[in-house]
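Hello,

Here is the structure I promised to pass on. Please open it and keep it beside this email as you read.

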Amino acid sequence: ARPKKPHDKLKVTEKILAFRNDLVNTSKRLIFCVGLPSTGKTRSAIECAIEQVQRGTYERLVIVRPVIVPTYGFLPGDSDTKMFPYIRQSLIYIDKAVQIDLASKIEVIPVDQLQGNRFFNSIVVCDELQNVSQDETFRILSRVGENSKFILLGDTSRGQENRKVKDRSILHYAIDKFRDKSYVAVHEFYDENDILGDEITKDIITTLMPDYVD
């Protein structure tokens, strides 16, 4: 079988379909999606966000990521260069031609530079938030402006959390706080059947699940 390309069609399960329906539902302003790797969280969020920017539902896509400083120090270069390793996975879901066409409508911001920003008419995808501590919650969620949607993604299993984050992650804290709000949707992908990778990927993750998933 030929290897999958990033733009190959994602397998659409009932849970992915429900997630995507909320992604395009303008009444759902705050969406939390947590789950294992290879479950389609980031890909669904980015693809649906791009579609909505292209349709004019939102004026721009903002990708927010935490920057985890490696043991060998900070990366060289300007802000865009430093952020590239952290957003590479997100960008593979955006066709190159679309990236060029929408270059002025796609912005990348590290979590620690959110202060002072507020997003209007924007769809904001915040990824890898298991690595953002609870004390940064207000910095992120208070950025939600008029006609904007925030999608918060991550993996709350023990295998993905950064050991430097000492308290509960924003995902644990905020999901508990906001789950029952009418403008909020919560989606969870921690079942073996949620894994969409190939058979080896699925076997590796399911073999490790008992040690890392509560």
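Below is what was found, starting with the whole chain and then moving to its parts.

First, the ground rules. This is a predicted model, in which local features need pLDDT of at least 70 and side-chain atom pairs count only at pLDDT 80 or more, while totals for chains, interfaces and linings use all residues. Residues are numbered from 1 along each chain as its sequence is written, and side-chain values use heavy atoms, with hydrogens and water left out.

The whole chain

The protein chain has seven helices and six strands. These are DSSP runs, numbered from the N terminus: helices are H or I with at least four residues, strands are E with at least two. Their order from the N terminus is α-β-α-β-α-α-β-β-α-β-α-β-α. The chain has 214 residues, and 47% of them count as buried. Buried means under 20% relative accessible area, exposed means over 50%, and partly exposed is in between (1.4 Å probe, protein chains only). Now take contacts, meaning heavy atoms within 4.5 Å. Among those between residues at least 6 apart in sequence, 80% join residues at least 24 apart.

Helix 1

Helix 1 spans residues 14–23, and its buried residues are Ile16, Phe19, Arg20, Asp22 and Leu23. They sit on the same side of the helix, because their arc around the axis is only 160 degrees. That arc is taken from the directions from the helix axis to the C-beta atoms. What do the buried residues of helix 1 pack against? Their partners are strand 1 (30–35), helix 2 (41–55), strand 5 (149–154) and strand 6 (184–189).

Look at the pair with helix 2. Ile16, Phe19, Arg20 and Leu23 of helix 1 meet residues of helix 2, including Lys41, Ala45 and Gln52.

Glutamate 128 is not a glycine, yet its phi is positive, about 55 degrees. Find it in the loop between strand 4 (122–126) and helix 5 (137–141). Glutamate 128 is partly exposed, at 26% relative accessibility. Asparagine 147 also has a positive phi, near 50 degrees. Asparagine 147 lies in the loop between helix 5 and strand 5. Its relative accessible area is 38%, so it counts as partly exposed.

Cysteines

How many disulfides are there? The count is zero, where a disulfide is a pair of cysteine sulfur atoms within 2.5 Å. Cysteine 33 is buried, at 0% relative accessible area. Cysteine 126 is buried too, at 0% relative accessibility.

Best wishes
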